[in-house]
Amino acid sequence: MKPFGVHRGRAVSLDRINVDTDQIIPKQFLKRIERTGFGQFLFYDWRRAADGKQDEKFVLDEPRYQGASILIAGRNFGCGSSREHAVWALSDFGFRAVISSSFADIFANNSTKNGFLTVRLTEEEVATLMRNAGQIDKYEVTIDLERNEVRDGQGFFAKFTMDAFVRHCLLNGLDDIALTLRHEGEIAAYEAQHPVPQALQPVTS
Amino acid sequence: MPEKKTLFQKIWDTHVVAQPSDRSPILYIDLHLVHEVTSPQAFDGLRVAGRNVRQPLRTVATVDHNIPTEPRGTPITDLIAARQIAALQANCKEFGVRLFDMDSPDQGIVHVIGPELGLTQPGMTIVCGDSHTSTHGAFGSLAFGIGTSEVEHVLATQCLAQQKPRTMKIHVRGRLADGVTAKDLALGIIGQIGTDGATGHVIEYAGEAVRALSMEGRMTLCNMSIEAGARAGMVAPDETTFAYLKKKRFAPRDWGQAVEYWRTLPTDDGATFDKVIEMDAAQLCPFVTWGTNPGMVAPVTGRVPEVQSLAETDRHSTELALQYMGLEPGKRIEDIGIDRVFIGSCTNSRIEDLRAAARIAKGHHVNGKVRAMVVPGSQTVKRVAEQEGLDQIFIDAGFEWRESGCSMCLGMNPDILQPGERCASTSNRNFEGRQGRGGRTHLVSPQMAAAAAVMGHFTDIRNWRYQ
């Protein structure tokens with residue numbers, strides 16, 4: 001996993017609440033068996049007409065937001081389906097983080113496994129960032145995970161909190177599975193006490 | 001005096017394998033359900049890292065999300081979908097995982113077959129790469145949806161590091177009236193607390209109305225927990241649970257001992273929750289969603305809201321929703337005409353759902369402008385329904401009778417709405433484009449869906465003319 005330390009990038013705001021993962025990546029693109037290549041399908045139904053033609057009115061496709069890597073969105077971002085493809089699509093498109101006042105649990109969990117940041121700020125702070133992204137040309141924001149800070153170099157400054165261990169993994173790009181396997185002894189001991197139920201054993205005749 | 005514990009706390013405590021000082025607790029997972037859409041990248045990850053499936057016997061797979069509901073044996077024309085199914089078949093073979101494949105008499109939606117095979121049991125931890133895994137909590141298990149990275153993690157370790165969720169009790173006093181179903185209870189709750197009302201929480205549903213629900217009803221209720229943002233939903237196991245599970249194929253062989261343990265699971269008197277919500281069953285009625293998330297809900301006798309009547313923070317999203325749905329504020333719900341009906345999904349495709357819908361449909365005929373389909377949740381549900389003659393009732397009434405799968409709940413297979421089509425659906429999400437680009441979804445109970453099919457618009461089933 002790619003470590004996340006300090007990231008400075010162009011910010012774009014999506015002023016909607018309850019953005020569900022069906023919008024982030026519609027179901028017709030979930031049939032691929034790879035982890036990559038989902039960026040082109042990000043917000044597909046909002047960005048493209050029914051014939052697949054790109055609609056440049058959608059905020060992500062406005063010329064001034066090209067190359068944006070930080071998305072600012074309304075509360076309850078990532079609700080609905082558990083599809084990790086949503087994180088893969090955002091990440092593949094070039095985003096490194098989403099800033100919102102709240103996130104759905106599974107989306108937030110999936111993000112941490114992909115070196116992708118979900119940054120929780122207050123509603124007021126999110127509103128300020130959204131306003132700035134709309135009004136200031138080439139607006140850039142810095143997300144500093146080492147100091148748990150978001151700042152814009154123009155007076156905006158906010159602290160955020162994050163589970164200490166999740167932060168540690170993100171900062172160091174640690175592989176979750178390898179960390180769990182450090183507890184091999186405890187897992188094996190648990191399994192010795194809780195054997196696979198007989199009903200699940202293969203039928204032998 | 002021993003500590004008073006909730007059902008959730010009891011299951012949590014018995015599954016903590018390790019509690020690292022610097023990390024979330026590591027939980028053991030008793031049952032891992034797998035399907036074709038969220039697993040291929042996880043199996044790939046195992047191969048890349050040279051890892052194995054740690055507990056293949058605790059891992060059970062089926063195909064449900066993208067498969068067609070045409071008669072089995074019809075070739076799959078969507079080649080990308082076919083490739084995804086082939087990948088699951090190959091992965092299960094390579095790693096020794098039990099698969100209920102397309103041609104299996106036990107195939108079905110993963111959240112329908114887990115319970116009906118008796119794989120889902122009280123006191124278990126259950127995960128699946130699907131948000132509606134919360135369904136299994138109906139048995140008094142801790143069941144939650146995970147993403148593909150966590151699927152890989154469970155395949156490799158049979159464990160998950162999890163931050164401990166908070167607890168919420170939703171206590172429902174009284175009994176649901178005739179015509180008011182578990183689906184209406186779920187929609188009523190989400191309408192009240194919102195689609196993020198339970199974020200970070202595990203809900204335990206309790207009270208007389210919940211106790212009176214069948215297992216099918218409890219599954220419908222727990223299924224929709226995720227639509228309120230919850231990690232999981234649970235109902236304490238009781239005689240209804242045990243009666244359902246007894247003699248199921250994968251039910252415990254040492255039945256007496258298992259039941260004895262299950263009886264210890266319900267929340268202790270005096271145990272506390274982080275949050276408690278009280279509801280009155282008498283206040284509930286058949287509901288219909290009018291917007292683009294499951295919290296946008298109104299009584300069937302009600303109206304689409306006037307935007308001005310809402311809190312300022314909700315106005316913008318309501319306007320967007322009404323625009324998408326093609327509805328005017330103030331319109332009577334019963335005046336909303338429909339084009340399509342979908343009876344199915346992991347929320348409402350079990351035998352009891354089909355019986356209830358068939359009772360409404362019997363002797364009536366689907367309105368001439370409506371196309372209606374019934375998609376049983378599993379091959380077992382389909383067989384039982386056919387034994388009871390439900391298929392003939394539906395077919396005589398003009399419904400299509402299909403093969404089992406997720407179908408038009410998420411439209412990954414060919415069952416989708418056309419742009420602008422309006423659908424009465426027994427599924428769980430009315431998000432934009434969920435059932436097909438530009439499609440307009442109204443969530444309802446199976447009875448309400450069947451009645452809407454007949455009338456061509458929503459109608460209050462409490463006044464239904466049964467034939």
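Author: H6(B) passes H8(B) in a right-handed crossing (the near helix is turned clockwise from the far one by less than a right angle). This is a predicted model, in which local features need pLDDT of at least 70, side-chain atom pairs count only at pLDDT 80 or more, and totals for chains, interfaces and linings use all residues. Residues are numbered from 1 along each chain as its sequence is written, while chains are lettered from A and ligands numbered from 1 in the order in which they are written.

The axes of helix H6 (residues 182-193) and helix H8 (residues 215-223) of chain B come within 8 Å and cross at roughly 20°. Axes are lines fitted to C-alpha atoms, for helices over the stretch in contact, and angles run from 0 to 180 degrees between N-to-C directions; helices (H or I, at least four residues) and strands (E, at least two) are DSSP runs, numbered from the N terminus. H6(B) is therefore roughly parallel to H8(B), the term for angles under 35 degrees.

On the H6(B) side, Ala182(B), Lys183(B), Leu185(B) and Ala186(B) meet Gly217(B), Thr220(B) and Leu221(B) of H8(B), contact requiring C-beta atoms, placed from the backbone, within 7 Å. Four of these residues are nonpolar, two polar and one charged; Ala and Leu count as nonpolar, Lys as charged, and Gly among the polar.

Chain B also holds an open sheet of five strands, ordered S17-S16-S15-S18-S19 with parallel pairing, where pairing takes at least two DSSP bridges. Its edge strands are S17 (400-401) and S19 (440-443).

Definitions and conventions. Angles under 35 degrees count as roughly parallel, over 145 as roughly antiparallel, 65 to 115 as roughly perpendicular and the rest as oblique. Two residues are in contact if their C-beta atoms, placed from the backbone, lie within 7 Å.
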